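Subject: The model, plus some notes

Hi,

Here is the structure I promised you. Have a look at it first, then read on.

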Amino acid sequence: MAVNRDYVGRTFAPTEPYEVSRVKIAEFATAIGEQSPLCYSVEAAKQAGYPDVIAPPTFAIVIAITSSAQVTHDSGLGLNDARVVHGEQSFEHDRPLHAGDVVVARSTVEDIRELGRHLTLTTRTDITTVDGEHVCTARSILVERGE
């Protein structure tokens, strides 16, 4: 089955709310080797002007991946999971995620294109607070390898 190009422009339902916690931030920061006290110390974060500890920029993947999975696992899209590799990931933050944020993510298929024998799928995932404040946009490019 070929990838359904009619999905370009399709936006999927928002995820369930996700509460960003100090514990999750610390676990993620430790896992990637982040040593900034802003990720561990409420006092340091507040002295720097933040309401609580802040997450490393790439923490947004924890939130975005659930939303983008709605796209890649949609059977109507026709993506062959066995042939997919992750090509690129980027994050554009309006502000850091911090402990106490309650956010949702919503993914949109931005582009599907052929590159030689391969196909690329670009998704944009907007992460906003439940009150509607935009926090981050995550972009992901997946590559479906050709035969």
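Predicted model: local features only at pLDDT ≥ 70, side-chain atom pairs only at ≥ 80, totals over all residues.

Below is what I found in it, starting with the overall picture and then going into a few places.

Residues are numbered from 1 along each chain as its sequence is written, and side-chain values use heavy atoms, with hydrogens and water left out.

**Overall**

The chain has three helices and five strands, and from the N terminus they come in the order β-α-α-α-β-β-β-β. (Helices are DSSP runs of H or I with at least four residues, strands are runs of E with at least two, and both are numbered from the N terminus.) The C-alpha trace spans about 55 × 30 × 20 Å along its principal axes. Of the 147 residues, 39% count as buried; buried means under 20% relative accessible area, exposed over 50%, and partly exposed in between, with a 1.4 Å probe and protein chains only. The chain exposes about 7,900 Å², with carbon and sulfur atoms supplying 51% of that (areas are from the Shrake-Rupley method with a 1.4 Å probe, and for residues only the protein chains shown count as cover). As for contacts, meaning heavy atoms within 4.5 Å, residues 24 or more positions apart make up 70% of those with a separation of 6 or more.

In H1 (residues 22-32), the buried residues are Ile25, Phe28 and Ala29. They sit on the same side of H1 because they cover an arc of only 100 degrees around the axis, taken from the directions from the helix axis to the C-beta atoms. Val23, Thr30 and Ala31 are exposed, on the face turned away from that buried side. Just after H1 comes Gly33, with a positive phi of about 80 degrees.

What do the buried residues of H1 pack against? That would be helix H3 (60-72). H3 has 13 residues and reaches 18 Å from its first C-alpha to its last, close to the expected 18 Å at 1.5 Å a residue (the expected span is 1.5 Å times one less than the number of residues). There is a bend of about 30 degrees at Thr66 in H3, which is the angle between axes fitted to the seven residues ending there and the seven starting there. Among the buried residues of H3 are Ala60, Ile63, Ala64 and Val71. Their cover includes strands E1 (18-19), E2 (84-93), E3 (102-115), E4 (118-129) and E5 (134-144).

**Cysteines**

A search of the whole structure turns up zero disulfides, counting any pair of cysteine sulfur atoms within 2.5 Å. Cys39 is in no disulfide, and the nearest cysteine sulfur, in Cys136, is 15 Å away. That is too far for a bond. Cys39 is buried at 4% relative accessibility, and Cys136 is buried at 0%.

**Two more residues**

Phe12 lies in the segment before E1 and is buried, at 9% relative accessibility. Leaving aside neighbours within four places in sequence, Phe12 touches Tyr7, Gln70, Val71, Asp74, Arg106, Ser107 and Val109. Phe12 and Ile25 are 13 residues apart in sequence and 26 Å apart in space, C-alpha to C-alpha.

Thr129, in strand E4, is buried with a relative accessible area of 8%. Not counting residues up to four places away in sequence, Thr129 is in contact with Arg95, Asp101, Val102, Val103 and Val135.

Cheers
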